[in-house]
Amino acid sequence: MQGLTIKDLGEFGFIELIRNRFRHHRRSDVVVGIGDDVAVVDVGPFYLLATCDGQVEGVHFLSDRVPPRYSGRRLVAVNASDIAAMGGTPLWALVAMNVPDHTDVSYLEEFYEGIVEGLEKIGASLVGGNCSRTSRDTVFDLFLTGRVEKGRMVTRSGAKPGDLLVVSGTLGRARAGLTLLLRKDAESLQKILEGSSRSGIDDLLKNAILHYYAPEPRMELGRFIGSEGLARAMIDVSDGLLQDTLHICRSSGVDVVIDLESIPVDESCALVAKEVGEDPLEWALTGGEDYELLFATTQKDFKRLFEIFGSVVGLNVIGYFREGSGRVWIRMNDGSEVSAEFFASMGWTHF
Ligand SMILES: Nc1ncnc2c1ncn2[C@@H]1O[C@H](COP(=O)(O)OP(=O)(O)O)[C@@H](O)[C@H]1O
Ligand SMILES: Cc1ncc(C[n+]2csc(CCOP(=O)(O)OP(=O)(O)O)c2C)c(N)n1
Ligand SMILES: [Mg+2]
């Protein structure tokens, strides 16, 4: 494809290209290859899960504004969230550290403190990695493995017409946190983080910033859903609700109708978006990085799940699946339906 750039093709176009080009390059023990939250390999007594996501300075985190301990925890959280979205349990991790040669060792030590803290929290351990010099930016990649009982993993591809679309927690909080980080000066940020003012609003803002710094992946919820077989398809919200819903629809070969009124817009998102003159609903739909779980389930299984996790993490039915060819529709407040791409951008894409 001479003359075509990665920007022309886009992130998902490129992944599709690689996936199709090497479709036949596959050992017989590969259960799920390119195209889901994690790869799944049959190792005998259980399925081994493997995933890899990175944090790039200026793209995912800001080294001059975010304490490195949080960025280390963030690196773990974004990977652990993919294991949760498969219904699995994390095991071992390797870190590829790529930094310029003037980097402070104390900065790196703190970054690693965060990595190990994050791994211990999810019951995984660091077993190796790699170091390389870069010409400018700091880039950390984590490779995380996990396990799931055979046949208990939840892929992106099992949603059926009639299933409910459910999301955990609230949406738009990470976008609110990032916006605060980019707009506030260091002193105001410090004040919010120290909680020196005792108003409820400051708590909301602090919460949003910390959520952006280092989100808490939904490990218990994901594992429960997997072990009890309570979802037919699942993904985590990294690129944005619309984009990640689209992944489920395309993989499952069904359409979904999202009901705008039922989107759980985070309180901090409503507050910050209003302050900067943006639409909170659009942030909730496309902001991404909330690392909530998004899944297709039946009415009966939702009821069971809600009884256990409803009051702990919050679970909202935000739409339903129907026959179709992999499209996302938005039901407007007046009852009409609009194809999602005409309503808003679908979410984050790297190119
Ligand atoms: N550069 C790449 N080469 C091969 N596979 C890739 C590459 N980038 C992503 N993938 C695969 O494409 C799928 C989707 O990746 P991605 O969109 O990053 O998902 P996630 O949001 O779960 O991290 C995964 O199976 C991932 O392993
Ligand atoms: C400084 C900064 N600008 C913008 C963002 C927003 N952002 C960066 S990557 C991303 C999407 C998720 O990251 P990605 O690497 O695509 O993770 P994956 O979907 O592969 O899990 C978003 C919303 C950010 N986190 N930090
Ligand atoms: Mg990824």
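**Close-up 1. Domain 1 and domain 2 of the predicted model, with their C-alpha centres 23 Å apart.** The protein chain is divided into domain 1, covering residues 22-148, and domain 2, covering residues 164-343. Where these domains meet, the contact takes 20 residues from domain 1 and 20 residues from domain 2. On the side of domain 1 that touches domain 2, helix H3 (residues 68-84) gives the most, contributing nine residues, and the residues of that side divide into ten nonpolar, five polar and five charged.

**Close-up 2. The residues surrounding ligand 2.** The shell draws at least three residues from each of domain 1 (22-148) and domain 2 (164-343). Ligand 2 is surrounded by Asp53, Val59, His60, Leu62, Val78, Leu178, Ser238, Asp239, Gly288, Glu289, Trp348 and His350. By class, this shell comprises five nonpolar, four polar and three charged residues.

Close-up 3. When its neighbours within four places in sequence are left aside, alanine 284 is in contact with Leu171, Gly172, Leu241, Ile263, Val265 and Cys269. The C-alpha atoms of alanine 284 and proline 264 are separated by 7.9 Å, although these two residues are 20 residues apart along the chain.

Methods
Residues are numbered from 1 along each chain as its sequence is written. Chains are lettered from A and ligands numbered from 1 in the order in which they are written. This is a predicted model: local features need pLDDT of at least 70, side-chain atom pairs count only at pLDDT 80 or more; totals for chains, interfaces and linings use all residues. Two residues are in contact if their C-beta atoms, placed from the backbone, lie within 7 Å. Domain bounds come from an automatic or database domain assignment. Helices (H or I, at least four residues) and strands (E, at least two) are DSSP runs, numbered from the N terminus. Ala, Val, Leu, Ile, Met, Phe, Trp, Tyr, Cys and Pro count as nonpolar, Asp, Glu, Lys and Arg as charged, and the others, Gly among them, as polar. A residue is near a molecule or strand if its C-beta atom, placed from the backbone, lies within 6 Å of it.
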